[in-house]
Amino acid sequence: MEAKLADLKNRLQEIYDLTAAAGLLYWDQSTYMPRGGAPARARQLAALERLTHEKFTDPALGRLLDDLRPHEESLPYEHDDAALIRVTRRHYERETRVPVEFAARMSSHAAESYHAWTEARPANDFKRVQPYLEKTLDLSRELAEFFPDKDHLADPLIAYSDYGMQAETVRAIFADLRERLVPLVQAISAQPPADDSCLRKTYPEDRQLAFGLEVIKRFGYDFERGRQDKTHHPFAIKFSIGDVRITTRVKEDFLGEALFSTMHESGHAMYEQGLAPGYEGTLLARGTSSGVHESQSRLWENLVGRSRGFWEFFYPQLQMVFPDQLKDVSLDTFYRAINKVERSLIRTDADEVTYNLHVMLRFDFELAMLEGRLAIADLPEAWHERFKADFGITAPDDRDGVLQDVHWFSGRIGGVFQGYTLGNILSAQFYEAALAAQPSIPDEIRRGEFGTLHGWLKEAIYQHGRKFTAAELTERVTGGPLSVEPYIRYLKTKYGELYDLSGAEA
Ligand code: ZN
């Protein structure tokens with residue numbers, strides 16, 4: 001049994017290394033690669049994808065997993081070996097359903113489509129990407145059809161990033177949240193908007209970057225095992241537990257951009273840096289779902305980074321870094337500015353209160369496209385209509401409408417957005433659990449100390465990687481299933497101090 005387990009780990013190590021190599025090519029494509037590299041890069045990524053897929057679907061791996069079943073069944077569910085065999089089998093069964101030829105075709109199409117999108121968005125030219133998107137929808141349907149057990153075409157696609165969730169479950173959670181959120185948005189939007197002009201002065205890039213790095217160093221992001229570079233669309237990526245990188249983008253005329261994206265991505269990265277070292281090289285060495293991952297980025301970005309206590313410590317320092325811009329701006333004004341609620345066009349710029357409405361729009365559209373109720377050609381118009389209905393404003397063009405997010409243009413349609421809102425919900429639920437276990441956390445944050453919080457998250461969440469599903473982890477950490485209550489409580493408490501919410505009480 002020991003020899004078989006070692007064989008399994010060797011095979012997984014090879015897959016892990018190939019995946020990391022593909023990740024490095026992707027990281028380079030998104031940071032430093034010259035435009036001319038795009039066609040070859042698409043081919044290179046497809047080649048690595050094909051190799052990974054072949055190794056993952058090797059019948060010998062299937063036989064090995066069968067041989068290891070008695071060993072798995074002899075161990076407690078929580079044993080690392082049992083988890084390793086269980087999670088590997090889950091992935092093996094999923095991968096063997098998708099033919100090698102198809103996986104390569106999809107990956108190569110994704111790279112070409114991404115390249116087309118980088119040109120179409122600045123040109124506000126939806127027509128240029130429409131044929132790519134139509135093919136992406138066809139491929140996404142084709143992909144879903146490889147999985148026979150499903151209630152909805154989106155189910156297997158959702159399972160790729162949020163295993164254990166179904167379209168119907170997500171629909172129900174979102175309906176619940178939406179019902180509570182809309183009155184809040186309406187109550188706040190009826191009041192004069194916060195003045196965020198203090199964030200919209202000129203803030204030199206180098207000092208913005210330096211301040212952001214100082215903050216996440218204090219959070220506990222380990223620069224011996226990470227670095228930050230610039231990109232168009234910020235992300236975090238792991239090549240090994242010893243090399244987890246983040247990217248950001250800077251706007252010199254808006255202080256909120258790089259700062260909060262840096263905190264956000266550091267949350268993703270600390271999750272991956274905090275994995276149990278023994279999981280390295282296996283499928284357990286990864287955050288368990290996109291929802292749980294997003295809960296960690298949002299926790300650091302919003303529950304910590306946009307809290308008053310955090311800025312009681314950091315604001316005097318920020319004022320010293322930008323004396324001309326901030327010396328006459330009070331903490332109170334700054335705090336209101338970074339928590340300004342407004343119905344805006346861009347999801348990634350949206351505040352905590354309206355953000356989830358952006359996600360729900362995309363999730364609903366994914367289901368509609370997969371079901372054939374919404375054609376790609378009609379997407380820009382449908383976007384503008386729904387946006388008007390939900391937000392009361394209209395995007396002037398498609399650049400800030402349907403073309404704004406990279407997701408559909410660089411992967412698949414289906415299952416790619418729900419994690420953001422599941423993450424917001426979970427961030428508040430996990431944070432409540434952290435405060436219940438460690439009541440000193442808020443005082444420490446006011447002193448610029450994050451060790452207790454970071455330590456608790458490592459212990460409760462990070463170290464486990466994929467050992468537990470999102471649902472299992474939520475149950476273990478919070479003592480119950482996913483619930484929107486803590487998130488609504490958090491929003492009402494925080495924004496109740498900033499706005500009059502008496503009209504939103506239902
Ligand atoms: Zn994120």
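A residue counts as buried at under 20% relative accessible area, as exposed at over 50%, and as partly exposed in between (1.4 Å probe, protein chains only). The model described here is predicted, so local features need pLDDT of at least 70 and side-chain atom pairs count only at pLDDT 80 or more, while totals for chains, interfaces and linings use all residues. Residues are numbered from 1 along each chain as its sequence is written, and side-chain values use heavy atoms, with hydrogens and water left out.

At 29% relative accessibility, Asn124 counts as partly exposed. Asn124 sits in the loop between helix H5 (100-120) and helix H6 (126-145), helices being DSSP runs of H or I with at least four residues, numbered from the N terminus. Although not a glycine, Asn124 has a positive phi of about 50 degrees.

Next comes the metal site. The zinc ion has as protein donors (N, O and S atoms within 2.8 Å of the metal) His264 (NE2), His268 (NE2) and Glu294 (OE), which lie 2.1 to 2.3 Å from the ion. Along the chain, these donors follow the spacing H-x3-H-x25-E. Because His264 belongs to helix H10 (residues 256-273) and Glu294 to helix H11 (residues 290-304), the pair ties together parts that are 30 residues apart in sequence. Both His264 and Glu294 are buried.

Finally, helix H9 (residues 205-219) packs against helix H12 (residues 308-321) at an angle of about 150 degrees, with the axes (lines fitted to C-alpha atoms over the stretch in contact) 11 Å apart.

Notes. Axes are lines fitted to C-alpha atoms, for helices over the stretch in contact, and angles run from 0 to 180 degrees between N-to-C directions. Helices (H or I, at least four residues) and strands (E, at least two) are DSSP runs, numbered from the N terminus. Donors are N, O and S atoms within 2.8 Å of the metal (3.2 Å for Na, K and Ca); water is not among the atoms, so sites may look incomplete.
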